[in-house]
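Hi everyone, thanks for coming. Please take a look at the sequence and the structure on the screen, and then I'll walk you through a few spots.

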Amino acid sequence: MGKDVIIACDFDSAEKTFSFLDKFTGRKPFVKIGMELYYAEGPSIVREIKKRGHKIFLDLKLHDIPNTVKKSMAVLSRLDVDMTNLHAAGTGRMMEAAIEGLTRPDGTRPILIAVTQLTSTDEETMRRDLLIDHPVKDVVMHYASVAAAAGLDGVVCSPLEAEAVHSRCGKDFVTVTPGVRFADGDVGDQKRVMTPAEAKKIGSDYIVVGRPITAAEDPVAAYERCCNEFIG
Ligand code: C5P
């Protein structure tokens with residue numbers, strides 16, 4: 001699986017997104033489109049960014065009954081994205097249905113990864129609201145195993161979990177890790193962070209980087225720095 005830097009395009013309009021992407025006149029970055037931008041602009045934003053030559057991670061985190069997820073994945077697959085995701089909490093059967101829906105008639109499909117436990121959910125919240133009485137790390141590892149058994153390609157996880165996920169699910173099981181910050185940069189609201197170089201060392205396959213690039217004075221330079229540190 002190719003290592004790459006994915007820029008989280010957390011903007012609320014096509015206009016802001018394009019004025020950001022217009023700065024990248026050389027290498028076209030892999031971009032993540034999340035719920036905010038997708039709900040603001042609809043599927044046309046995906047087609048337009050794709051037309052400009054970017055790879056796309058469509059981060060919509062599906063979670064519903066297997067039949068609904070299967071049909072929705074079939075629609076997303078036609079958008080020709082490169083990567084998409086769902087919540088592992090939807091169960092193994094939902095994940096298998098997702099793969100069926102996502103697979104195109106020619107047998108190809110986007111990379112499908114699972115969200116294990118959101119990094120905003122801590123152990124106390126899991127116990128109180130979800131009645132899950134296990135350490136977060138065990139839950140993340142278990143969800144990753146269920147995702148792997150269902151045939152998914154990988155998981156979104158904290159960079160601190162990437163090594164353990166690889167040893168549990170195999171080195172080809174993809175880890176996509178947010179929470180990346182430059183050594184001399186602002187941490188912001190992220191609690192557990194790693195530099196791109198550290199993420200490379202622990203074996204992350206893709207890093208998702210938002211504000212360190214989108215809010216930088218020179219986003220292209222910040223992106224290039226990220227690529228140099230992570231890909232080398
Ligand atoms: O700006 P920043 O680099 O913190 O952006 C990280 C991106 O990764 C955001 O789009 C955020 O929603 C996403 N993300 C995350 N932590 C997770 C899952 C996704 O930060 N556990």
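Let me start with a question: is Asp 80 buried, partly exposed or exposed? Asp 80 is partly exposed, because its relative accessible area is 40%. By that scale, buried means under 20% relative accessible area, exposed means over 50%, and partly exposed is in between, using a 1.4 Å probe and protein chains only.

Before I go on, a word about what we are looking at. This is a predicted model, so local features need pLDDT of at least 70 and side-chain atom pairs count only at pLDDT 80 or more, while totals for chains, interfaces and linings use all residues. Residues are numbered from 1 along each chain as its sequence is written, and side-chain values use heavy atoms, with hydrogens and water left out.

Back to Asp 80. You'll find Asp 80 in the loop between α4 (66-78) and β4 (83-87). Those labels are DSSP runs numbered from the N terminus: helices are H or I with at least four residues, and strands are E with at least two. The phi of Asp 80 is near 65°, a positive value in a residue other than glycine. Thr 91 also has a positive phi without being glycine, near 90°. Thr 91 sits in the loop between β4 and α5 (92-102), and at 42% relative accessibility Thr 91 counts as partly exposed.

Now to the helices on either side of that stretch. Two packed helices are described by the angle between their axes and the distance between the axes. Here, the axes of α4 and α5 come within 7 Å and cross at roughly 30°. The axes are lines fitted to C-alpha atoms, for helices over the stretch in contact, and the angles run from 0 to 180 degrees between N-to-C directions. So α4 and α5 are roughly parallel to each other; angles under 35 degrees count as roughly parallel, over 145 as roughly antiparallel, 65 to 115 as roughly perpendicular, and the rest as oblique.

Which residues make the contact? From α4 they include Val 69, Met 73 and Ala 74, and from α5 they include Met 94, Ala 97 and Leu 102. Contact here means heavy atoms within 4.5 Å. The residues of this contact divide into 8 nonpolar, 2 polar and 3 charged. In that count, Ala, Val, Leu, Ile, Met, Phe, Trp, Tyr, Cys and Pro are nonpolar, Asp, Glu, Lys and Arg are charged, and the others, Gly among them, are polar.

The axes of α7 (residues 136-149) and α8 (residues 162-169) come within 10 Å and cross at roughly 45°, so α7 and α8 are oblique to each other. Their crossing is right-handed. On the α7 side, the contact involves Met 141 and Ala 148, among others, and on the α8 side Val 165 and Cys 169 are among the residues taking part. This contact divides into 6 nonpolar, 2 polar and 2 charged residues.

What do the buried residues of α8 pack against? They pack against α7, β6 (154-156) and β7 (174-177), and the buried residues themselves are Ala 162, Ala 164, Val 165, His 166 and Cys 169. Just after α8, Gly 170 takes a positive phi of about 105°.

In the loop between β6 and α8 you'll see Glu 161, which is buried, with a relative accessible area of 8%. Leaving aside neighbours within four places in sequence, Glu 161 is in contact with Val 140, Met 141 and Arg 192. Val 140 lies in helix α7 and is buried at 1% relative accessible area. The C-alpha atoms of Val 140 and Thr 116 are 24 residues apart along the chain, yet separated by 5.4 Å.

Last stop: the cysteines. How many disulfides does a search of the whole structure find? It finds 0 disulfides, where a disulfide is a pair of cysteine sulfur atoms within 2.5 Å. For Cys 226, the nearest cysteine sulfur, that of Cys 227, is 6.5 Å away. Cys 226 is buried, with a relative accessible area of 1%, and Cys 227 counts as buried at 2%.

Technical notes: A crossing is left-handed if the near helix is turned anticlockwise from the far one by less than a right angle, and right-handed if clockwise.
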